[in-house]
Amino acid sequence: MQVDAVVLDIDGVLVDVADSYRRAIVESIDRVYGATIAREDVQPFKDAGGFNNDWELTDAAALYVLAGRRDPGIDLTVEAFADRVAEAGGGLAGAKAVLADALDAAAWDAVREAWDPDRLRAIFQALYLGSELYRDLEGGDPPIEADGYIHDEPVLVDPGTIDALQERFDVGVVTGRPAAEAEIALDRVGLDLPEIHRFTMDDWAEGKPHPAALVTLADRFEATTVAFVGDTLDDVRTARNADEVDSERVYYGIGVLTGGLTGESGRRKYVDAGADAVVDDVNALPELFE
């Protein structure tokens with residue numbers, strides 16, 4: 001596979017977020033509502049698409065938990081719910097549509113009344129950032145005191161991999177992280193990029209799998225062949241969507257097995273989503289691109 005530019009996601013590619021972002025999703029809901037989903041239930045939401053923003057995934061999972069509390073007879077496992085969310089177009093809007101259809105009007109009204117996205121986000125950020133960073137980045141006192149799961153993100157990329165990629169290709173990043181949190185992760189892994197070669201949550205409204213950020217980076221690099229490397233099906237879909245809207249370039253979607261998608265089942269899901277390649281981890285890229 002020959003490429004001019006390599007664009008990387010951060011979470012699940014450069015750093016492991018199983019004990020940080022994904023833990024914050026589960027524990028934020030539990031702290032606010034006293035019940036939550038299992039850690040492994042985060043992946044079906046990711047597979048449904050439209051959940052590039054973990055705050056919105058937290059909101060959708062909280063709505064699911066509240067719906068089950070309001071109507072214990074609702075016949076929706078997490079997997080079935082996620083499948084229906086995908087059919088409804090994915091994301092938080094899809095989750096709302098599914099629950100509005102599954103519940104009677106009074107129950108749905110009660111769920112929405114109990115749902116508090118502002119509180120969920122504040123708790124999420126306090127758990128993830130910790131008290132000190134929360135005060136620095138959020139501009140106020142945290143709702144709870146915490147050490148911060150952001151410090152529990154093992155690095156997945158070797159320094160030699162970063163050197164090899166930057167020596168041979170233009171390198172960029174497209175991530176659902178806020179800019180400040182992306183900066184922390186990039187500093188940790190030793191990937192120094194100018195701001196014009198990064199797209200974060202703060203830089204574009206659409207989020208993945210919308211192709212705008214990827215196509216814009218390709219323009220900035222003046223690249224003709226671009227590889228986008230990520231850990232979710234939406235990352236692969238982003239490359240496929242870029243292919244559809246930008247006929248002047250070739251976009252490759254590459255999945256890594258170091259995020260929520262692992263093993264042979266993860267490999268099959270990537271292939272079914274249209275991945276051009278699936279690698280065990282990001283350190284396989286220099287050889288893949290020979």
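Me: In which helix does Val85 lie?
Reply: The model is predicted, so that local features need pLDDT of at least 70 and side-chain atom pairs count only at pLDDT 80 or more, while totals for chains, interfaces and linings use all residues. Residues are numbered from 1 along each chain as its sequence is written, and side-chain values use heavy atoms, with hydrogens and water left out. Helices (H or I, at least four residues) and strands (E, at least two) are DSSP runs, numbered from the N terminus. Val85 accordingly lies in residues 78-87, which form helix 4.

Me: Does Val85 count as buried or exposed?
Reply: Relative accessible area, taken with a 1.4 Å probe on protein chains only, makes a residue buried under 20%, exposed over 50% and partly exposed in between. Contact, meaning heavy atoms within 4.5 Å, links Val85 to Ala48, Phe51, Gly90, Gly91, Gly94, Ala95 and Val98, not counting residues up to four places away in sequence. Because its relative accessibility is 1%, Val85 counts as buried.

Me: How many Å separate Val85 and Leu233, C-alpha to C-alpha?
Reply: Along the sequence these two residues are 148 residues apart. In space, C-alpha to C-alpha, the separation of Val85 and Leu233 is 15 Å.

Me: What relative accessible area does Ile25 have?
Reply: Ile25 is found in helix 1 (residues 21-33). Leaving aside neighbours within four places in sequence, Ile25 is in contact with Val42, Asp54, Leu57, Thr58 and Phe124. Ile25 is buried, and its relative accessible area is 0%.

Me: Which residues of helix 7 make the contact with helix 3?
Reply: Axes are lines fitted to C-alpha atoms, for helices over the stretch in contact, and angles run from 0 to 180 degrees between N-to-C directions. Helix 3 and helix 7 (residues 117-138) have axes 10 Å apart and pack at an angle of about 125 degrees. From helix 3 the contact involves Asp54, Trp55, Thr58, Asp59 and Ala62, and from helix 7 it involves Pro117, Leu120, Arg121, Phe124 and Gln125.

Me: How are helix 3 and helix 7 oriented to each other?
Reply: Angles under 35 degrees count as roughly parallel, over 145 as roughly antiparallel, 65 to 115 as roughly perpendicular and the rest as oblique. Their packing angle is about 125 degrees. Helix 3 and helix 7 are therefore oblique.

Me: What is the handedness of the crossing of helix 3 and helix 6?
Reply: The axes of helix 3 and helix 6 (residues 105-114) come within 9 Å and cross at roughly 130 degrees, which means that helix 3 is oblique to helix 6. Leu63, Leu66, Ala67 and Arg70 in helix 3 meet Ala106, Ala107, Trp108, Ala110, Val111 and Ala114 in helix 6. A crossing is left-handed if the near helix is turned anticlockwise from the far one by less than a right angle, and right-handed if clockwise. The crossing of helix 3 and helix 6 is right-handed.

Me: Which residues of helix 9 does helix 7 meet?
Reply: The axes of helix 7 and helix 9 (residues 179-189) come within 12 Å and cross at roughly 100 degrees, which means that helix 7 is roughly perpendicular to helix 9. Helix 7 contributes Gln125, Tyr128, Leu129, Leu133 and Leu137, and these meet, in helix 9, Ala180, Glu181 and Ile184.

Me: How far apart are the C-alpha centres of domain 1 and domain 2?
Reply: Domain bounds, which come from an automatic or database domain assignment, divide the protein into domain 1 (5-16 + 153-289) and domain 2 (18-149). Across the boundary, 20 residues of domain 1 are in contact with 20 residues of domain 2. The C-alpha centres of the two domains are separated by 25 Å.

Me: What is the phi of Glu222?
Reply: Glu222 lies in the loop between helix 10 and strand 4 (225-230) and counts as exposed, at 71% relative accessibility. Although Glu222 is not a glycine, its phi is positive, at about 55 degrees.
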